[in-house]
Every structure is written in C-alpha cells, then in structure tokens.
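User: I should like to learn how to read the main features of a protein model. Could you guide me through one?

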Amino acid sequence: DEEEETIALLEEVVEQGIPVIALDNKINTQSLLTTILVDNRKNGELCGQWAASKIKGKEINAVIISGVKGERICQDRRQGVIEGITEAKLISDGACDFNIVYQMYTDWFEDQTVSQLEDFLARNIDFNLIITEADVMGLPAYQLLVDNGLEDKVVVCSTADAEVRAVELIQDCDTYCTGLNSFVRQGNLATETAEAYFNGETKFLSETFVEGGCITKDNAAEYISSGVLLES
C-alpha cells in the first residue's frame with residue numbers, strides 16, 4: 001500500500017547515507033533521524049477540557065469527523081478529546097455520559113465533510129459536540145451549524161491545525177476551539193536538528209515534540225500576533 005511504498009523509499013534513501021527527518025506524521029520505520037510533531041493526544045486532551053467547560057450537564061452526544069482510517073494522528077487527536085472531556089466532567093460533575101452518535105471519515109476533504117454532515121443533520125439526531133481532527137473539516141462543519149441556526153447549541157472541538165482563518169473566527173466565537181499544530185515551529189526545529197546532526201550529534205529521540213496548545217476566544221488574539229500559525 002501507500003505507506004509501505006513510502007517506508008521502502010525512505011529506507012532506500014537512508015541506506016545511501018542521507019539522513020531523513022519526518023514532520024507532522026508518524027511513519028512506521030526505525031530509519032528516520034527523528035519525527036518532529038506536536039503531541040496530538042495532549043492537544044486533544046486540552047481541547048476536550050475546554051469543550052467540557054462549555055457543555056452544561058454530564059451528557060455528551062458527539063459527532064466525530066475523522067481524517068483517514070487507521071492513521072495514528074487521527075486516533076491520537078480524537079482519543080485525546082474524549083479523555084479530556086471525560087476527566088474534566090468527572091472532576092466538575094462527578095459523572096460523564098459520553099455518546100458517539102455519528103462518525104465519518106473524510107480523507108481530509110471539505111466536500112466530504114459537508115455532504116456527510118448534511119446527511120446527518122437531516123436525521124434530526126440530538127447532539128451537542130462536534131470533534132474534528134483538523135480545521136479543514138472543523139470550519140465547514142461550523143458553517144453548516146451557522147446555516148442551520150445551531151452555532152450556539154453545538155460546540156466544535158477541532159484538534160488541529162490552528163489555521164489563521166480558524167483563529168480569526170475564534171476571536172469572536174465562544175463555541176469553537178482548535179489545537180495548535182505549528183508547522184512554523186516544526187520547520188524551525190527540523191532546521192536545528194539537521195544542524196545538530198551535521199555538527200556531530202548522533203543521538204536523537206524517535207519523536208521530538210514541538211509546543212502545542214488549545215486556542216480559544218480567550219487567547220486567539222495572542223496567537224494571531226505570535227507568528228506560529230498556519231496560513232490559510
């Protein structure tokens with residue numbers, strides 16, 4: 001499959017003496033110098049804690065909008081949200097009734113998000129939370145909520161990537177959050193790692209995390225001026 005072909009190509013490159021640093025996604029090979037990424041599970045947990053503070057009562061009825069089947073970062077992002085919400089509700093309410101009422105895979109496509117979510121909305125199923133694994137799905141999902149008058153009734157918890165257009169929305173929106181997945185920080189760290197390697201460093205962690213975070217209305221303006229966001 002595609003992943004096996006990627007691994008084979010990477011291993012061939014490394015065998016030629018060329019070091020490889022991976023960014024943003026985990027690849028199942030030991031040949032990499034390191035993989036630089038955000039801690040997706042921790043980001044999800046932070047976003048889940050925020051979502052729990054916005055949803056009244058112990059009952060959570062969630063729609064999950066996923067990227068690709070079997071992809072590790074997708075699993076980490078959504079599981080982190082579920083863990084964050086559950087733990088926060090146990091602390092605040094002493095109970096959590098978490099239900100997944102609908103789940104979809106979109107392969108990271110906006111049109112897939114829109115068509116599948118429209119189908120779900122037509123079923124008139126009660127829900128109060130949308131979990132998405134990237135703003136590319138979160139933003140069109142939020143727009144559908146607006147179109148259906150649900151933007152104040154449903155919380156959107158997007159675990160990545162903190163696109164500029166998403167953070168600009170969040171400045172005036174208290175029902176949408178996003179996880180910071182800064183390719184600026186990843187690129188800077190990749191440069192530093194490469195320099196260290198060529199200066200003689202030989203020991204690197206298999207995964208090197210950049211700083212993440214949960215962006216909400218309370219801190220959106222700060223992040224917009226920080227220079228670490230992904231341009232639209």
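User: What is the strand order in the open sheet of 3 strands, and is its pairing parallel or antiparallel?

Analyst: Strands of a sheet pair through backbone hydrogen bonds, either parallel or antiparallel. Here the model is predicted: local features need pLDDT of at least 70, side-chain atom pairs count only at pLDDT 80 or more, and totals for chains, interfaces and linings use all residues. Residues are numbered from 1 along each chain as its sequence is written, and side-chain values use heavy atoms, with hydrogens and water left out. Helices (H or I, at least four residues) and strands (E, at least two) are DSSP runs, numbered from the N terminus; two strands pair if DSSP finds at least two bridges between them. The open sheet of 3 strands has the order S1-S2-S8, and its pairing is parallel. Its edge strands, each pairing on one side only, are S1 (21–23) and S8 (207–210).

User: Over how many bridges do S2 and S8 pair, and which residue is the bridge partner of Leu37 in S8?

Analyst: Strand S2 (residues 34–38) and S8 are paired in the parallel sense over 4 bridges. The partner of Leu37 in S8 is Phe209.

User: Which helix lies across S1, S2 and S8?

Analyst: Angles run from 0 to 180 degrees between N-to-C directions, and axes are lines fitted to C-alpha atoms, for helices over the stretch in contact. Helix H7 (residues 183–198) lies across these three strands, at about 155° to S2.

User: What is the order of the open sheet of 6 strands?

Analyst: The order is S4-S3-S5-S6-S7-S9, and the pairing is mixed. S4 and S9 (214–215) are the edge strands, each pairing on one side only. Within this sheet, S5 and S6 run parallel and are joined by 4 bridges, with Ser158 in S6 as the bridge partner of Thr132. S6 also runs parallel to S7 (residues 176–179), to which 3 bridges join it; Ser158 stands opposite Thr178 there.

User: Which residues of S6 are buried on its two sides?

Analyst: In a regular strand the side chains alternate between the two faces of the sheet. A residue is buried under 20% relative accessible area, exposed over 50%, and partly exposed in between (1.4 Å probe, protein chains only). In S6, Val155 and Cys157 are buried on one side and Val156 and Ser158 on the other, and both faces are covered.

User: Why does the span of H3 agree with its number of residues?

Analyst: The expected span of a helix is 1.5 Å times one less than its number of residues. Helix H3 (residues 72–93) has 22 residues and should therefore span 32 Å; its end C-alpha atoms are 31 Å apart, which agrees. Its buried residues include Ile73, Val81, Ile82 and Ile85. Contact means heavy atoms within 4.5 Å, and the buried residues of H3 pack against helix H2 (40–54) and strands S3, S4, S5 and S6. Just after H3, Gly94 takes a positive phi of about 75°.

User: Which residues have the most contacts inside the largest nonpolar core?

Analyst: A nonpolar core is a set of buried Ala, Val, Leu, Ile, Met, Phe, Trp, Tyr and Cys residues joined through side-chain atoms within 4.5 Å. The largest one has 31 residues, and those with the most contacts inside it are Val63, Leu117, Ile130 and Leu229. Its largest share, 6 residues, comes from H5. A second, separate core of 19 residues includes Ile55, Ala62, Ile82 and Cys177.

User: How many disulfides are there?

Analyst: A disulfide is a pair of cysteine sulfur atoms within 2.5 Å. The count comes to 0. The sulfur of Cys177 is 3.8 Å from the closest cysteine sulfur, that of Cys157, and is therefore too far away for a bond. Cys214 is likewise in no disulfide, and the nearest cysteine sulfur, that of Cys47, is 3.8 Å away. Cys177 counts as buried because its relative accessibility is 0%.

User: Where is Asp24, and is this residue buried or exposed?

Analyst: Asp24 lies in the loop between S1 and S2, and its relative accessibility of 16% means that this residue counts as buried. Its phi is near 80°, a positive value in a residue other than glycine. Trp108, in the loop between S4 and H4, also is not a glycine and has a positive phi, of about 70°. At 23% relative accessibility, Trp108 counts as partly exposed.

User: Which peptide bond is cis?

Analyst: The bond from Ala160 to Asp161 is cis, with omega near 15°. Asp161 is placed in the loop between S6 and H6.
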